[in-house]
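Please open the model in your viewer and keep the sequence beside it. The stops below say what to select next and what is there.

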Amino acid sequence: MKLRKHKSLATRPAHWLLLFGIFSFYLGVARANTEYYRHVAFDNSLTSESYFYSAGMANGPSFLEQINSRLPVETKTFLTPPNALRLQWQSEPGGGWEAEVRVANFRNRYPEVSGHNLYFWCFAPQAIAAADLPVLVLSTSREGLQVAEFPASFTEPLPMGKFTGDIPAGRWIRARIPFAEFHTASIYNFRPEYLQNVVFHQARADGVRHTLIVDEVRVDDDPAADAAPLPAPENMQAIGYDRHVEVRWNPVNSSSLGRYVVYRSLDGKNFEPIGIQLPGTERYSDFLGKSGVTAAYKVAASDKQYRLSPLSTAASASTREFNDDELLTMLQEACFRYYWEGADPSSGMARESIPGDDRIVATGTSGFGIAALVVGVDRGFITRTQGVERLTKIVNFLEHAQRYHGAWSHFMDGSTGKTMPVFGMFDNGGDLVETSFLMQGLLAARQYFHGKSDAEQDLYRRISKLWETVEWDWYRGDPKSDFIYWHWSVEWAQQIRHPLIGFNEVMITYILAMSSPTHGVPVDMYYSGWAGQSQTAIGYRGGWSGASDGDHYGNGHTYYGIKLDVGVGTGGPLFFTHYSYIGFDPRSLHDRYTSSYFENNRNLALINRAYCIANPKHFEGYGPNAWGLTASDGPEGYVPHAPDDNSDRGTLTPTGALASFPYTPEASMAAFKHYYRDLGAQLWDIYGPRDAFDSGHDWVSPIYMGLNQAPIVVMVENYRTGLVWKSFMSNPEITEMLRRLDALPAR
C-alpha cells in the first residue's frame with residue numbers, strides 16, 4: 001500500500017524537549033475545521049494510487065482510466081500539493097463512461113455545503129477543445145446517479161466546456177459554475193447544499209484519448225477581488241524527530257487566508273511544494289522516512305483565490321534515531337495534543353472527532369482527555385499551572401452543563417453545555433457509561449492535582465462535589481433491579497432500557513457506582529449485574545457476540561494456545577481492556593472467575609494479536625507487528641472490530657495495539673515501530689498515528705477519534721510509571737469498595 005499524507009490535516013505535535021515558552025506561543029491558535037469542510041469536496045487524496053472517495057466506469061468501446069474501479073491519483077502535477085485527480089478517457093460512439101468525485105464522508109461531518117458556485121481547477125497536458133470536454137452531473141446521493149429514494153436527486157448534464165472554454169496545454173484553468181445553471185433531472189428537486197457527488201461523463205464521441213488533471217473541487221461564493229496581498233509567514237522553526245520533521249510558523253491573520261503551502265528542500269537550494277495546511281493551524285508534520293536526513297522548509301500563505309505570498313525564510317532540521325523511551329514520549333505528546341490543542345475553546349472538553357462537527361464535545365472522551373492532561377503535566381508537555389487552568393475550565397463547564405440525576409449526556413454542545421442527541425431522540429438524557437468514563441478521569445485528576453495552592457484545593461472540592469452528585473442508584477431504576485441501566489431522560493425515562501452486563505468496556509460503571517459515598521449501589525451487584533448469571537445476562541452476552549463461549553461471564557476456553565478466563569468468544573474488541581482501566585488498575589481486582597484482570601486483559605490482547613498473525617480471512621497488512629482489532633470507523637463506517645469472523649473487516653486501529661502497552665509491551669512496541677517507521681507516510685500526522693487504516697481497500701481514516709488517542713497517552717504512561725493508575729487508586733472510596741467486594745462470600 002502506497003499512501004500519501006493528507007496535507008490539510010497536518011498540524012503540530014511539539015518535540016518534548018522544547019522549552020515551555022516556545023510551546024505556549026501556540027496555545028489556543030488551532031481553530032475549528034467545520035467551516036473548511038463545508039466548502040471542500042476534494043482537496044487531496046490520503047492514498048497516492050487511487051482516490052478512495054471516487055468511482056469510475058466505462059462501457060462499450062469507450063475507455064476510462066481506473067484503478068480498482070476508482071480514479072487514479074496524480075502526484076506529479078497538482079495545483080495544491082501533494083496530489084490531484086487524473087481523468088483519462090476516450091469517448092467512442094456506442095460507448096460511455098463516468099467518473100465520480102464523491103464528497104469524503106467522515107464521522108459528524110456537517111451535512112450541508114455552503115456557497116452558490118461549484119469551482120474546480122483543471123490542467124491538460126495536451127490542449128482539449130471545449131466541445132470535447134465531459135458533461136457534468138451533480139448528485140445528492142453518495143452512489144452517483146443510482147438514485148431511487150427521497151431526498152436524493154441529480155441534475156441534467158451540463159457541458160463543462162460552456163464554462164471553461166477550450167483548455168490550453170500546460171496551464172491551470174479554474175472552472176466556476178453557478179448552481180443556478182444546474183437543473184434537476186430526477187423526480188425530486190436538486191438541492192445543492194446536499195451535494196455528495198460531482199460526476200464527469202461522456203459527451204461528444206471524438207475517439208481521441210484525453211487527459212485532464214482536476215484539483216481543489218469546492219463549493220463557495222466568489223471571493224473578494226480587492227483583497228490585499230498576503231505577507232509571508234514569519235518565525236519559521238523546524239524540529240527533527242526519529243523519522244519526521246515538524247515545521248512551525250506564526251499565523252498570518254487575514255480573512256482572505258485560504259491555506260498555507262509548505263515547501264521542502266533536501267539540498268538547501270531547490271524548494272518543492274509538499275503539502276498545505278488549514279488556516280488556524282500553523283504547523284506541519286513532514287514524514288521523511290529515514291533518520292539522518294536534513295531538510296529545509298519554507299512556507300507561503302495562499303489566499304482564497306490561490307494567490308501566493310512571498311516565501312518565508314528557511315528553517316532546517318535533521319531526523320535522528322530515537323531510543324525506545326524517546327519514541328514513547330514522542331508518541332504520547334503527539335496524541336496528547338488532540339486534547340490540548342484540539343479541545344473545544346469554550347469548554348476545554350474534547351471533541352468527538354477531528355475533523356468533525358466542532359459543536360460536539362464528548363463526555364467519555366473528555367474523561368480520557370483529563371487523564372491525558374495528568375500525563376501531559378507530569379511529562380512536561382505543559383506546565384502544572386496550564387494543566388490546572390485547563391481542568392478548571394472543564395469543571396466550570398461541567399458544573400453548568402445539563403445533567404440528569406447527576407449524569408451528563410453522551411454529547412454536549414461545547415458552547416452551551418446542552419445535550420446533543422446525536423444517536424436519536426431517545427438519546428436526550430443522561431448516559432451513565434459516558435459519565436463513568438468522565439468521572440474516572442476526574443477522580444484521577446482530583447488526586448493528582450491535590451497540592452497546597454488555592455487553585456488546586458478549589459479543584460479538589462469541586463470535583464468531589466461533582467462526584468458526590470452523580471446518582472448512580474437512580475440508574476438502577478427499580479431498587480430491586482439486578483442491573484444498572486445505561487440511559488435515562490426526563491422525557492423518555494428508561495426507554496432505551498439497556499442493562500449493563502459484562503464482560504465488556506463498562507466495568508468502570510459498576511466500580512464507581514459501588515464506590516459512591518452518596519448514591520452508591522450494593523457491592524453484590526457486581527455479581528448480580530456485571531457478572532450476572534440470569535437468563536437476561538446470558539442472552540445479552542450471546543446476543544451481541546453470537547458466541548456461547550463466555551455467555552456465563554466466565555470463559556475458560558483456549559484460543560491460539562492462550563486461555564481466556566473471562567470474556568465472550570475470543571474476547572471482543574480491545575477497547576474492553578482499555579476504557580475501564582484508564583484509571584482503575586486491573587492488577588487490583590480478582591473475582592470468582594479470574595485471579596487477575598491484568599492477566600486476563602493481557603491474554604485478551606495476546607489472542608487478538610495471534611488472530612491477526614493467523615489472519616484467517618487473509619486480509620492485507622495483518623501480521624506480528626500489525627494487529628490490534630478494536631472499535632473505529634472503517635471503509636464501511638463504524639465497526640467494533642474484533643478477532644472473530646463477523647467483526648473482522650480488514651481494518652486495523654493503531655490504538656488497539658498501542659493502548660495495550662501495559663499488557664504486551666514488546667509486541668506493542670514492535671507494532672508502534674511498524675506503524676510509525678514503516679507506514680508513517682500514511683499513518684503519522686497531526687496527533688500521532690491516524691485513527692485506522694485498511695490496506696486491502698487502500699483506505700486511511702480522514703479523522704482522529706477522541707476515544708482512541710487518549711488511551712494511547714494514558715496506557716503508555718501506565719506501562720512506564722503507573723502514574724494514572726496510582727492517582728486513581730489513591731481515591732479512598734475505591735479502596736473501600738474493593739475491600740467490601742473482596743469480602744463477599746465465595747459461591
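**First stop: a loop residue**

Select Asn 731, which is buried, with a relative accessible area of 0%; buried means under 20% relative accessible area, exposed over 50% and partly exposed in between, with a 1.4 Å probe and protein chains only. This is a predicted model, in which local features need pLDDT of at least 70 and side-chain atom pairs count only at pLDDT 80 or more, while totals for chains, interfaces and linings use all residues. Residues are numbered from 1 along each chain as its sequence is written, and side-chain values use heavy atoms, with hydrogens and water left out.

Asn 731 sits in the loop between helix H17 (723–729) and helix H18 (732–742), where helices are DSSP runs of H or I with at least four residues, numbered from the N terminus. From there its side chain reaches the backbone oxygen of Phe 728 at 2.7 Å and the backbone oxygen of Leu 443 at 3.2 Å. Leaving out residues up to four places away in sequence, Asn 731 touches Leu 443, Ala 444, Arg 446 and Gln 447, contact meaning heavy atoms within 4.5 Å.

**Second stop: helix H14**

Now select residues 665–678, helix H14, whose end C-alpha atoms are 19 Å apart, in agreement with the 20 Å that its 14 residues should span at 1.5 Å a residue; the expected span is 1.5 Å times one less than the number of residues. Ten of the 14 residues of H14 are buried, so the helix is largely enclosed by the rest of the structure; among them are Met 669, Phe 672 and Tyr 676.

Terms used:
Helices (H or I, at least four residues) and strands (E, at least two) are DSSP runs, numbered from the N terminus. A polar contact is a pair of N or O atoms within 3.5 Å; within protein, one must be able to donate a hydrogen and the other to accept it, and residues adjacent in sequence count only if both atoms are side-chain atoms.
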